[in-house]
Amino acid sequence: MTITKLVSHEPATGKQMWEGSVSDIDACAKRARRAWPKWAAKSLTDRIEAVRRFANEVRDCADEFAKLISRETGKPLWESRTEVDAVIGKVEISITAYAERTGKKKLDSAAQGTAAVRHKPHGVMAVLGPYNFPAHLANGHIIPALIAGNTIIFKPSEKTPAVGEFLVACYHKAGIPEDVVQLALGEVEEGKALVAHREVDGVLFTGSVQAGIAINRALAKNPGKLVALEMGGNNPLVVLDTPRLEDAAALIVQSAFTTAGQRCTAARRLIVLESVFEPLMEVLLPTVRRIIVDQPFADPAPFMGPVIDNQTAQKLAESFLFLMTEGGKPLEHLRRPDDTKPFLTPGLIDVTDMKNRPDVELFGPLLQVIRVPDFDEAIKEANNTRFGLSASLIGGDAQDYNRFWANTRAGIINWNRPTNGASSAAPFGGVGLSGNHRPAAFYAADYCAYPVASTEMEEPKATLGIGLAETV
């Protein structure tokens with residue numbers, strides 16, 4: 001059934017908060033194509049000035065923006081404020097990245113002229129954003145793409161259209177033309193139409209592996225269209241011997257339950273040495289039970305809000321039940337206090353004795369615990385996944401970390417730090433089902449423009465020294 005309206009509800013209350021019309025994707029694409037030559041012809045300085053004005057616009061309405069993010073996603077206000085800060089910070093980071101990753105290069109040679117490398121924008125870029133960081137992750141594609149000279153059609157998640165609308169309005173208030181950054185509202189069908197549209201030169205996607213694979217398949221016969229996929233992970237957090245068990249417990253909670261576990265870098269699997277398991281649980285479980293789960297503006301401030309909607313909450317509850325029926329032993333039950341709202345308490349379950357542990361991304365506050373006898377088995381278990389986004393080691397020494405780093409297959413590998421909270425000043429991406437080798441964050445500049453190699457001389461100069469007859 002074709003829809004004409006989108007409606008957004010607050011996860012924490014169930015109240016309708018926004019309504020809007022579904023976009024005409026063909027019209028959006030044609031406007032973006034017409035706007036592209038003029039935007040690309042602007043000087044780099046002009047485009048940089050424009051995105052800096054955008055940062056100032058966001059700074060001016062930061063409190064309003066954060067409250068909107070909290071209302072539409074359910075995340076605590078303190079966390080939404082950090083997301084708005086990340087939106088602002090992305091601008092200067094992207095300016096630096098563009099200069100470092102895609103700056104002009106020249107190599108002079110008197111006999112052969114000048115060899116040059118410059119970069120060109122692709123054209124019209126489709127940005128498909130997720131609901132967990134509806135402003136920051138989309139903005140992480142849009143800003144570097146704008147700096148490079150592309151025009152943008154941004155389709156936010158159908159679960160967070162209000163934040164998408166607010167973000168785009170900030171670009172327009174900064175003087176970036178409306179056809180240069182457009183909002184495209186819709187659900188799956190509109191997303192498919194945008195990905196496949198002949199006027200779209202690149203697709204920048206953040207979301208589920210199922211949707212990412214569908215995009216990859218849809219464009220498999222079109223190698224001329226750039227595709228950058230960031231698709232999440234089944235991330236391992238390995239714990240070795242450490243005297244700092246309270247710190248380890250805090251790192252585990254941060255990794256698994258920040259944003260109610262709705263981060264692509266969240267820890268999904270806690271891999272623990274048998275010798276560490278019991279003393280760690282004596283500290284970790286009481287810490288987990290202290291986690292406040294409440295609506296975004298509650299006082300005292302909660303650590304976790306709800307997950308995005310009731311359907312998601314129900315699927316996570318069913319996943320916990322499935323793990324139990326297949327041999328998992330609950331350490332802390334995942335509970336749903338109110339069946340009419342998507343609040344979940346954090347759950348831990350020991351799945352060591354499960355014969356066939358599902359290699360899926362359970363996108364919520366559900367942490368699976370796996371006990372192993374030694375470090376070799378810990379690394380083996382960490383790599384026991386088709387994903388490869390984030391991994392972290394807690395405890396051990398520098399030699400252990402070097403071994404973990406060298407043998408763990410992931411795009412982000414940390415030591416005594418959470419699996420999440422990656423820096424925008426570093427590349428962000430994974431391998432396997434986590435991405436297609438186009439890391440974002442600082443390396444987003446790489447996929448927002450393509451390199452052009454040139455050799456140049458001010459006047460034609462050439463000789464044919466071999467293979468010519470002396471006379472005709």
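Author: N384 counts as partly exposed because its relative accessibility is 47%; buried means under 20% relative accessible area, exposed over 50%, and partly exposed in between, with a 1.4 Å probe and protein chains only. The model is predicted, so local features need pLDDT of at least 70 and side-chain atom pairs count only at pLDDT 80 or more, whereas totals for chains, interfaces and linings use all residues. Residues are numbered from 1 along each chain as its sequence is written, and side-chain values use heavy atoms, with hydrogens and water left out.

N384 is found in the loop between α12 and β15; helices (H or I, at least four residues) and strands (E, at least two) are DSSP runs numbered from the N terminus. Leaving aside neighbours within four places in sequence, N384 is in contact (heavy atoms within 4.5 Å) with R269 and R357. The C-alpha atoms of N384 and E83 are separated by 32 Å, and these residues are 301 residues apart along the chain.

Helix α12 spans residues 375-382, and its buried residues are F375, A378, I379, E381 and A382. These residues lie on the same side of α12 because they cover an arc of only 165° around the axis, taken from the directions from the helix axis to the C-beta atoms. The buried residues of α12 pack against the strands β10 (235-239), β11 (267-273), β14 (366-372) and β15 (390-394), and against helix α13 (398-407). At the start of α12, the backbone nitrogen of D376 has a side-chain oxygen of D374 within 3.3 Å.

Key
Polar contact = N/O pair within 3.5 Å; in protein donor to acceptor, adjacent residues only side chain to side chain.
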